[in-house]
Amino acid sequence: MPQVHAGLPAIRATAASTRPLMLLLLGLWTLAPARAKPPPAPDPLRRGWQRLLAEGEACAPCRPGECATPRGCLAGRVRDACGCCWECANLEGQLCDLDPSAHFYGRCGEQLECRLDVGDALSRGEVPEPRCACRTQRPLCGSDGRTYAQICRLREAARAQPDVNLTVAHPGPCESEPQILSQPHDVWNVTGQDVIFGCEVFAYPMASIEWRKDGLDIQLPGDDPHISVQFRGGPQRFEVTSWLQIQAVRPSDEGTYRCLARNALGQVEAPATLTVLTPEQLNSTGMPQQQSLSLAPEEEAGNEESEDYY
């Protein structure tokens, strides 16, 4: 007599019910390598993870013929962690590895070194991170007639345009007539409000700045107590910034004001117009009265660096 197994249908039913679960686990297992990749991150972190994944835990035998040729390396080239292939070096300001034996962020380029500036980062409320910095901060003049803050900036510009054959003309800045980097803007305001014009100039030798108003043959502020002029070196080296402030503007203050900058090599100027409205004129326009109204937004104050040179 054939034996009848009463439990066989139950086993088959159990296997059928667990099959979807097994398929789901198998699918998750096959997806595990993809999920093991690092999440999207800023470029320095992404490059670091990609470098670690590509190199693995140990260096393979060096085969220079199989190395890819890096291109567009503005900070020059350095050897990879295995000392075999060339790769692009990190630029000034990019993250770097303080430990020379580490190779997560990469190595700094020529004339650059990895520094951790704790004080500067804390003053901006940021977490200190090591970044590439130029070993020297001495300005120099390029063969293109432009002044470069230091040798790293000049070499970066030279690698960006190799056909120009940019070289160092001489140490120190290039002598040039003044250049107005930030011009005063046209402004309109209401009587009784304050108005400020700004003017930022680069030159070597250093430029002197003066303010004048069309129709007046005097240098401002003259003997007018409600007009004042201020100067400050910066925000960059060989730059001078000046402000013309008019307190409690009057209709007679309306007109064109000029920022004049001069040195031994030349003179430049930039005009700006002040329009003064009475409260009645402002009400007739239907525009709300504000503390300061300008035809062009002034962003220089937010872009200035805190370093003075005088």
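Select C59 to begin: its relative accessible area is 48%, so this residue is partly exposed (buried is under 20%, exposed over 50%, partly exposed in between, with a 1.4 Å probe and protein chains only). A disulfide (cysteine sulfur atoms within 2.5 Å) joins C59 to C82, S to S 2.0 Å. The link of C59 and C82 is left-handed, with -90° about the S-S bond. C59 sits in the loop between α2 (43-55) and β1 (77-79) and C82 in the loop between β1 and β2 (86-88), so the pair ties together parts 23 residues apart in sequence. Helices (H or I, at least four residues) and strands (E, at least two) are DSSP runs, numbered from the N terminus.

A word on the model: it is predicted, local features need pLDDT of at least 70, side-chain atom pairs count only at pLDDT 80 or more, and totals for chains, interfaces and linings use all residues. Residues are numbered from 1 along each chain as its sequence is written, and side-chain values use heavy atoms, leaving out hydrogens and water.

Next, pick C141 and C174, both buried. Their disulfide spans 1.9 Å from S to S, and its torsion of about 105° means that the bond is right-handed. C141 belongs to strand β5 (residues 140-142), while C174 is in the loop between β7 (168-171) and β8 (176-182), 33 residues apart.

How many disulfides does a search of the whole structure find? Nine.
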